[in-house]
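Have a look at the model first, then read on.

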Amino acid sequence: MEILSEEIYQIKNFISSLNSDKDSIIVVEGKKDEFALKSLGYKHNIVQFHSLSGLTNFVDFASTYKNVILLFDSDHKGKSLTRKIIERLERRTRVDLSHKRRLTQITRGKIHTIEELSLYEKYLIEY
């Protein structure tokens, strides 16, 4: 996969913007997704959806936050979970999908899972 210097620059800015957003909670599907974000320099807590034992527990937990940033995969499972979460949280808290859309734009659709972001790690170190 060819990675352009503009992508590297934008990924670096993306992680910086996530680090500066202290009023939100970031939610990923699992361990590998969390590891990928941390390997790129994300410094705050990340919630793994699968660690909360189901949708009801997740909704109860997430509704205590002002803003929930969902970074789920672009596969069928990730899209389905996103729809279900939005339906359940729509009147309780704000669900932010803008960061996921931004990642898709930055990577030009090459990245379908959050864990694939770890491919950028070696380039960020060199950048």
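Rings of Phe, Tyr and Trp (its six-membered ring) count as a pair if their centres lie within 6.5 Å; planes under 30 degrees apart make the pair stacked, over 60 edge-to-face, and the rest tilted. With that rule, a search of the whole structure turns up three aromatic pairs. Bear in mind that this is a predicted model, where local features need pLDDT of at least 70, side-chain atom pairs count only at pLDDT 80 or more, and totals for chains, interfaces and linings use all residues. Residues are numbered from 1 along each chain as its sequence is written, and side-chain values use heavy atoms, with hydrogens and water left out.

**Aromatic pairs**

- F49 and F72 have ring centres 5.9 Å apart and planes at 70°, so this pair is edge-to-face.
- F49 sits in the loop between β2 (46-48) and α3 (55-62), and F72 in the loop between β3 (67-70) and α4, so the pair ties together parts that are 23 residues apart in sequence. Helices here are DSSP runs of H or I with at least four residues, strands are runs of E with at least two, and both are numbered from the N terminus.
- The cut-offs are under 20% relative accessible area for buried, over 50% for exposed, and in between for partly exposed (1.4 Å probe, protein chains only).
- F61 and Y65 have ring centres 5.4 Å apart and planes at 55°, so that pair is tilted.
- F61 is partly exposed with a relative accessible area of 28%, and Y65 is partly exposed with 31%.
- Ring pairs also link F49, F58 and F72 into a cluster.

**Strands and crossovers**

- Two strands pair if DSSP finds at least two bridges between them.
- β1 (residues 24-28) is largely enclosed by the rest of the structure, because five of its five residues are buried.
- Both faces of β1 are covered: S24, I26 and V28 are buried on one side, and I25 and V27 on the other.
- β1 and β3 run parallel and are joined by four bridges. I26 stands opposite I69 in β3, while V27 stands opposite L70.
- β1 also pairs with β2 in the parallel sense, over three bridges, and the β2 bridge partner of I26 is I46.
- The chain crosses from β1 through α2 to β2, and this β-α-β crossover is right-handed. Right-handed means that, with the strands pointing away from the viewer, the path from the first strand over the helix to the second runs clockwise.
- Which residues of helix α2 (residues 31-39) are buried? They are D33, E34, A36, L37 and S39. Just after α2, G41 takes a positive phi of about 115°.
- In β3, N67 and I69 point one way and V68 and L70 the other way, and all are buried.
- Three bridges join β3 to β4 (residues 94-96), again with the strands parallel, and D96 is the β4 bridge partner of I69.

**Empty space**

- Rolling a probe the size of a water molecule over the atoms shows where empty space is left.
- On a 1 Å grid over the protein atoms alone, a cavity is a set of points where a 1.4 Å probe fits but cannot get out; a pocket is an open set with protein on both sides within 12 Å along at least five of seven lines, and lining residues have an atom within 4 Å of a point. Grid points are joined across faces, edges and corners, and a volume is the space filled by probe spheres set on the points.
- The largest pocket holds about 170 Å³ of space.
- Its lining is made up of L70, L71, F72, D73, S74, K79, T82, R83, I86, L97, K100 and R101.
- α4 (76-89) and α5 (98-106) each supply at least two residues of that lining, and α4 gives the most, with four residues.
- By class, the pocket lining divides into five nonpolar, two polar and five charged residues. Nonpolar covers Ala, Val, Leu, Ile, Met, Phe, Trp, Tyr, Cys and Pro, charged covers Asp, Glu, Lys and Arg, and the others, Gly among them, are polar.
- The count of cavities of 30 Å³ or more comes to one, and the largest cavity holds about 30 Å³ of space.
- K100, L103, T104, T107, I111 and I114 line the largest cavity, a lining of three nonpolar, two polar and one charged.
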